[in-house]
Amino acid sequence: MSPKFRNVLAAMAIASGVLLPAMTSPAAAAVDTSDPQRFVQTLTSDGFAAMRVGSRETAKAKFRALLAQNVAVDLIGDRLIRRWLPKITPAQHEQYKTLLPGYVVGTYADRLFEYSDSTIRIVRVQPTAGGGADVITQVTKPGAQPIAATWSLTKVGGVWKVLNLNVAGINVAMAQAADFDSVIQRQGFDALLKLMAARK
């Protein structure tokens with residue numbers, strides 16, 4: 001595995017590790033979507049400690065629920081394959097959307113536990129074009145240097161959702177899109193669907 005790909009996996013693991021805890025916390029049902037800062041704060045509060053309780057299968061189930069509730073999965077999914085959308089069939093698109101949450105879980109969930117002792121601090125919030133917001137945070141794992149993580153948020157149906165993450169300088173969506181592009185260019189879109197189905 002190349003150093004660049006290891007860095008991408010680490011970025012996704014950190015991002016997922018920041019996201020997952022809210023769903024394992026007793027306060028999970030009370031994620032505050034009133035403003036970007038409160039959204040990220042309540043999504044992650046007490047989460048890393050809670051992640052240490054339970055099995056990996058439980059974590060995966062919680063992460064699936066999280067994707068549906070607090071991440072703009074459909075928007076992210078279409079951005080990852082934007083250049084291919086005019087070329088694929090409606091059936092392929094629907095299968096892709098069905099497989100995407102399970103693919104994310106299967107690819108990254110087992111790495112979440114490496115970050116269960118991390119903490120997160122919100123540095124600042126800045127508005128973005130189109131009414132979105134970037135929440136700049138700092139993720140710290142004991143014994144390691146703090147890592148900058150920027151949450152790009154958008155409003156879907158009037159509530160804040162995660163649209164992208166930039167972790168330690170790695171744009172997670174762009175890195176994943178490049179990975180998908182590589183598979184599609186070499187083997188075709190059906191090969192991507194097969195890969196995604198195998199990583200549930």
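**Entry 1: Asp181**

I looked up the neighbours of Asp181 and found that Asp181 touches Leu80, Arg83 and Trp84, leaving aside residues up to four places away in sequence. Contact here means heavy atoms within 4.5 Å. This is a predicted model, in which local features need pLDDT of at least 70 and side-chain atom pairs count only at pLDDT 80 or more, while totals for chains, interfaces and linings use all residues. Residues are numbered from 1 along each chain as its sequence is written, and side-chain values use heavy atoms, with hydrogens and water left out.

I placed Asp181 in helix H7, residues 172-187. Helices (H or I, at least four residues) and strands (E, at least two) are DSSP runs, numbered from the N terminus. Is Asp181 buried or exposed? Asp181 counts as buried because its relative accessibility is 16%. The cut-offs, with a 1.4 Å probe and protein chains only, are under 20% relative accessible area for buried and over 50% for exposed, with partly exposed in between.

I also checked the side chain of Asp181, which makes a polar contact of 2.7 Å with the side chain of Trp84. A polar contact is a pair of N or O atoms within 3.5 Å; within protein, one must be able to donate a hydrogen and the other to accept it, and residues adjacent in sequence count only if both atoms are side-chain atoms.

**Entry 2: the core**

I looked up the largest nonpolar core and noted 39 residues, with Tyr96, Phe180 and Leu192 having the most contacts inside it. Such a core is a set of buried Ala, Val, Leu, Ile, Met, Phe, Trp, Tyr and Cys residues joined through side-chain atoms within 4.5 Å. Elements giving two or more residues to this core include helix H2 (36-44), helix H5 (73-80), helix H6 (90-108) and helix H8 (189-198). H7 gives the most, six residues. Leu192 touches Ile81, Tyr96, Phe180, Val183 and Ile184, again not counting residues up to four places away in sequence.

**Entry 3: aromatic rings**

I searched the whole structure for aromatic pairs and got three. Rings of Phe, Tyr and Trp (its six-membered ring) pair if their centres lie within 6.5 Å; planes under 30 degrees apart count as stacked, over 60 as edge-to-face and the rest as tilted. The pair of Tyr96 and Phe189 is tilted, because the planes stand at 55°, with ring centres 6.1 Å apart. Tyr96 lies in helix H6 and Phe189 in helix H8, 93 residues apart. Both Tyr96 and Phe189 are buried. Ring pairs link Tyr96, Tyr103, Phe180 and Phe189 into a cluster.

**Entry 4: the sheet**

I traced an open sheet of five strands in the order S1-S2-S3-S4-S5, with antiparallel pairing. Two strands pair if DSSP finds at least two bridges between them. Strand S1 (119-128) and S5 are the edge strands, each pairing on one side only.

S2 and S3 pair over seven bridges, and Asp134 has Ser152 in S3 as its bridge partner. Six residues separate S2 and S3 in their hairpin, where Gly143 in the turn has a positive phi of about 85°.

How many bridges join S3 and S4? S3 and S4 pair over eight bridges; Leu153 has Val162 in S4 as its bridge partner, and Lys155 stands opposite Trp160 in S4. Their hairpin has two residues between the strands, and Gly157 takes a positive phi near 60° there.

**Entry 5: Ala168**

I noted that Ala168, though not a glycine, has a positive phi of about 55°. Ala168 is in the loop between S4 and strand S5 (170-171). Ala168 counts as exposed because its relative accessibility is 53%.
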